[in-house]
Structure formats: C-alpha cells, structure tokens
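This report describes a single protein model and the ligand placed with it.

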Amino acid sequence: MQNFPGVGVSPGRVIGTVRQMPKPISEPPAGEQLAPDTTAEEATAALKAASQAVHDELKARAAHASGDGKAVLEATALMAKDTMLIKGAAKLVARGTSAERAIWESGSSVSEMLHNLGGYMAERATDVLDVRARIVAELRGVAAPGIPASENPFVLVADDLAPADTATLDPNKVLALVTSGGGPQSHTAIIARSLGLPAVVAAVGVDHIADGTEVYVDGAAGSVTSEPDGSLREAAEGWAATASLLAEFTGTGATADGHQVPLLANVGGGKDAVAAAKLGAQGVGLFRTEFCFLERDTEPSVEEQAAAYKSVFDAFPGKKVVLRTLDAGADKPLPFLTDSTEPNPALGVRGYRTDFTTPGVLDRQLEAIALAANASEADVWVMAPMISTAEEAARFASMCADAGLQTPGVMVEVPSAALTAEAILREVGFASLGTNDLTQYAMAADRQLGPLANLNTPWQPAVLRLVGLTVEGSRAEGNSKPVGVCGEAAADPALAVVLTGLGVNTLSMTARSLAAVAAVLKTVTLQEAQELAKLALSAPSASEARDRVREKLPVLAELGL
Ligand code: PEP
Ligand code: MG
C-alpha cells in the first residue's frame, strides 16, 4: 500500500482501477519535414489510416453514448474524415511536410474557415482542433487527448479538469476523480460534487500511478491509497450502504429548533435545473449562465439566451431562481468576451467588468432574462459577479431597472465588497457570497493551484470573518437584506452549520449535496450553530477551525461525511 495525501473535496469511499488523463498533444514543430526514409506516399497513407482510426474510435464511442454526447461524438467522427481537412494535409505532405505538421496546419485552416463562416459552422471550429489533436496522437502512437474511453468504470486521475471536460465525462464510467493539481474551489471539485463523485485534489504524486493500478479513494478524508488492504475494502463497502441514505432530500432546510435555512441548488442550465428540482432543491441560488455558452465563439442572440434561461425558470415554477449574469474570464473564459492575452486573468476584466470593455452584452443579457422571466412563473432574482464597489452595485441595479427586472443583487466575492457590504446593500436587494473567489482573493491564492490548496479553503478564519462582516453589513438599521452563500463552502455540511451560525439566510450548492447538508443541519440548534461559528472564527488556522467544528458534530462520522 502507498498513501497519497491530498485534499478531500467530495465525500465517498470507493475502490477502482486508475486511468490517467492523457497529457495534451503538443504542436508539431513548424517547418517539420518528412523523415528521410519516408516517402510522401507512405506519409499520406499513414495520415489516412490515422484519420480512419480516429473516425472508427469516435463512431464506436457514439454507439454507446446517448443524447447530446452521442450527437457530439457522431459529428466529431465525421470531421475526422473531412475531405477538406485530409486533402489539405495531403497537399502539404506532397511538398515535403511531415504528416503530423501537415494535419496540424490543415486543421488550423479548416478551423479558421469555419470560424469565419459564423453561426453553426463556427461552433464546429473547435471540433476540428479536437480531431486534429486526435490524428496527431494516433500518428505518434500515444493516447488520444481528453477523458479516456473505457468499457469498465475507473478512477480518473488528471492534473486538473477544465469546465469543458464535463461534457465528455460519463458519471457511469467514472468512479472517482483524483487530481495532482487543483484546489478545493477548482472546477474538478465543482464537477465532482455536482456529479456526486468522490474526489481528492492536490494529491502529490498521483500522476505517477500506473494505469490499471487499484486504488482506494476517500473523498472526505482526502486520501488515495494504492493496492488497498481488507480494511479499506470494508470501508468502501460501508460507504456504498450509507450513500443511499444521503441520496435524497425532501422537505426544507432547518436547524433542530426550526430556524429555516432554505437549501437551494447551483445549476448551469436546464438539465441541471430539472435534476435539482427532482433532488428536492427549494429553488436555485446560483444559475451560472456562462455555463450555457462555454463553447461559443460569438455572442448568443437574445432569443437563444431567453430560451436557455427559461428552461431553468420552468423547472422551478413559483420558486426563487437567482440568475448570475455572465461570469466570463479567468477560469471560465468565453471567447466572445474574454481577452486571452491578459497577464493576470483572475485580476482582470472578468464578470461584471466585461461591461467596461464590451458594452452592450450585459444589456442584451438583461433583456433576455426579462423576456424569459416574463414568460415563466419563477421568482427571478438577478445578480452580477465580481462587484467591487457600491458604485458598481448602483449601476447594475439601474441597468436591471431599465430592463424591467425587479430584484437586483450582487455576488460578494471580492474582499472589498465584503468590507463595504452595508453601502453595497443600500443599492441592491440582496447579496450572495461566492466563497470560492472570496477565498482566492482574500488569501491571494489562485483557486486552480494544487500547491496552494491549504491556503485556498473557506475554513480560513480570515474568510469566515469576511462572511461575518457581510452579514453584519446586511443588517444595518433600516436596511435589512438577505445574504446567501453560493460558493462550494455551502456544500460542506460542517461549514454549512458554521455559515448558518454566522447568520447567512440561504445556502446554495450542487444538488447532490442537499441531503447531506440537510441531515447535518437538523442536528444542531441555531444557538449551537452560532457557538460553532465562534469556535471556527477564533481558531488559529483553517485546519484547526475545521477539526474543532467537526469534533462537535458527531453526525458527520456516523454518515461518513
Ligand atoms: C464563487 O466564486 O464562489 C462562485 C460561486 O462563483 P464561481 O465558482 O462560478 O466563480
Ligand atoms: Mg466566483
């Protein structure tokens, strides 16, 4: 047995065999020529065989997929044999370019051409780049990029996962996620929790575990163990039995003495919203609208946006749905809004700030939201991400009013917003604490970096203090406004108790965490939650805060959380 300690970000104990996520395919050097012992005919034949192999592999995967995934795989399979792509490459090979470099350059030209055509064609541009990388991988005899295909379920090990990887991640095939990079607020963590998969991030050394090695993953304790013994096997079996108890949330979120804490869901689109409603969410506390358009090169039309938003609103008739305007930039780039050359994207033009450089997009989004809200029965609230000043909050509120939207709010995820919450909340109707970014900005620690995972936790007393200050600001005399939490902190059952004790009104999380949070919350009274909040705030470190609070919540151990 060998242990790889990391940071647990999504509970669960499983055993499975490792599949390493292949490294991205590097660009073949510009000007690379055919090897001296290879003729152009041989290279062209190899190129065609590689394109056929990629086509066949994608087609076979499509046969086992369903829904959107199937359609994407079928379209990509066809692209692998695209005449223009292959002929373009064959021409370059005939002039002496190596097969790898030729397909790379031909892929660039076809992708650029599709991009310039706009509309549906432009969306296929990234498929060509994916196919090109697959053909190069085939020519080099290395694994294709992206999440590996496998007949049997496996433990996926990667450096980190990008939001776009979610599209090809089949939760029926992946038993657990383990990354050597990433922090507790990274997208790997968010993806894992939303799929209900056990996950450990920042586990140093896991990138050297060979494919096929059996490992035990404990997503609550944050450990990965290769070649597990009998006791770990028992632990995994025990979890399988408890997990079913935590599968469903029915009713309302409340403490033992009946203090109501509505438990809401974080969603990225209509499908998520339908699933969240089925899992009992009392509404939506964060609709990440940028997730609807991650692959888009061009701004979606008002009508297309309205349809996407309405699909979420329709899943919650009569219930609260908090929609966040596009949070493009940093870890969630949108090609039509983001400048990919910024030196410090997390400190750059992201979220609400994109209105400074690309005016009009936010106005059109608000117009689309109003259209969808008017056509649905949901109680729609709208908030802006990355608000730093009361001035920005006032301007956003006035833009919402111009669009006919009644309940404007802001995300508090920049420390300056927490520190000036009172002034900000005089301008808008509510605030939602984005503890993922609030932590990264308070601690000056990139949320995507594994080595900074210990700094990057919302258990940091400094972050909890900013949460407390925001709540204080929201209760100013004559101006009481609701404050929720929609960062990953809300999905940690122990931290959810602390946040409740700090006075937060609602908790929003991935729907899979609702049952666990509800089960723990109902074991404490409001006063006990307040005492636990004090305990956490006075701890000298994040780990002490977590340990001290967890020790007082025996239900966590009973439920394996
Ligand atoms: C946050 O920052 O806590 C948040 C909820 O937003 P995101 O994770 O989408 O940046
Ligand atoms: Mg954020």
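## A salt bridge between Arg101 and Glu27

Arg101 and Glu27 join their side chains in a salt bridge, with 2.8 Å from N to O; a salt bridge is defined here as a side-chain nitrogen of Lys or Arg within 4 Å of a carboxyl oxygen of Asp or Glu. This pair connects distant parts of the chain, 74 residues apart: Arg101 belongs to helix α4 (residues 99-117), and Glu27 to the loop between β3 (13-20) and α1 (40-64). Helices (H or I, at least four residues) and strands (E, at least two) are DSSP runs numbered from the N terminus.

Arg101 counts as buried because its relative accessibility is 8%, while Glu27, at a relative accessible area of 47%, is partly exposed. Buried means under 20% relative accessible area, exposed over 50%, and partly exposed in between (1.4 Å probe, protein chains only).

## Basis of the description

The model is predicted: local features need pLDDT of at least 70 and side-chain atom pairs count only at pLDDT 80 or more, whereas totals for chains, interfaces and linings use all residues. Residues are numbered from 1 along each chain as its sequence is written, chains are lettered from A and ligands numbered from 1 in the order in which they are written, and side-chain values use heavy atoms, with hydrogens and water left out.

## Further salt bridges

The total number of salt bridges is 23. In one of them, Arg350 pairs with Asp327, the closest N and O atoms being 2.8 Å apart. Both residues lie in the loop between β11 and α11, so the bridge ties together parts that are 23 residues apart in sequence. Arg350 is buried, with a relative accessible area of 0%, and Asp327 is likewise buried, at 0%.

Another bridge brings together the side chains of Arg395 and Asp355, at 2.7 Å from N to O. Here too distant parts of the chain are linked, 40 residues apart, with Arg395 in helix α13 and Asp355 in helix α11. Arg395 is partly exposed, with a relative accessible area of 38%, but Asp355 counts as buried at 7% relative accessibility. Through shared partners, salt bridges join Glu290, Arg324, Asp327, Asp331, Lys332, Arg350, Asp437 and Arg447 into one network.

## The ligand site

Around ligand 1 there are 15 residues, of which Arg288, Lys332, Gly434, Asn436 and Arg447 come nearest; a residue is near a molecule if one of its heavy atoms lies within 4 Å of it. By class, this shell comprises 8 charged, 4 polar and 3 nonpolar residues. The classes are assigned as follows: Asp, Glu, Lys and Arg are charged; Ala, Val, Leu, Ile, Met, Phe, Trp, Tyr, Cys and Pro are nonpolar; the others, Gly among them, are polar. Both β10 (284-288) and α16 (435-443) supply at least two residues of the shell, and the largest share, 3 residues, comes from α16.

An oxygen atom of ligand 1 is 2.7 Å from a side-chain N or O atom of Arg288. A polar side-chain atom of Lys332 is also 2.7 Å from an oxygen atom of the ligand, and for a side-chain N or O atom of Arg447 the distance to a ligand oxygen is 2.8 Å. Taken alone, ligand 1 exposes 290 Å², and the protein buries 100% of that area. Accessible areas come from the Shrake-Rupley method with a 1.4 Å probe; for residues, only the protein chains shown count as cover.

## Positive phi angles

Most residues other than glycine have a negative phi. Ala330 has a positive phi, near 55°, and lies in the loop between β11 (320-324) and α11 (354-357). With 22% relative accessibility, Ala330 counts as partly exposed.

Met386 also has a positive phi, near 60°. This residue is found in the loop between β12 (379-384) and α13 (390-403) and counts as buried, at 1% relative accessibility.

## Domains and distances

The protein chain is divided into domain 1 (2-22 + 147-232), domain 2 (40-140) and domain 3 (409-486), with bounds from an automatic or database domain assignment. The centres of domain 2 and domain 3, taken over C-alpha atoms, are 46 Å apart.

Thr420 lies in the loop between α14 (415-419) and α15 (421-427) and is partly exposed, at 35% relative accessibility. Its C-alpha atom is separated by 44 Å from that of Lys23, 397 residues away along the chain.

How values were computed:
Polar contact = N/O pair within 3.5 Å; in protein donor to acceptor, adjacent residues only side chain to side chain.
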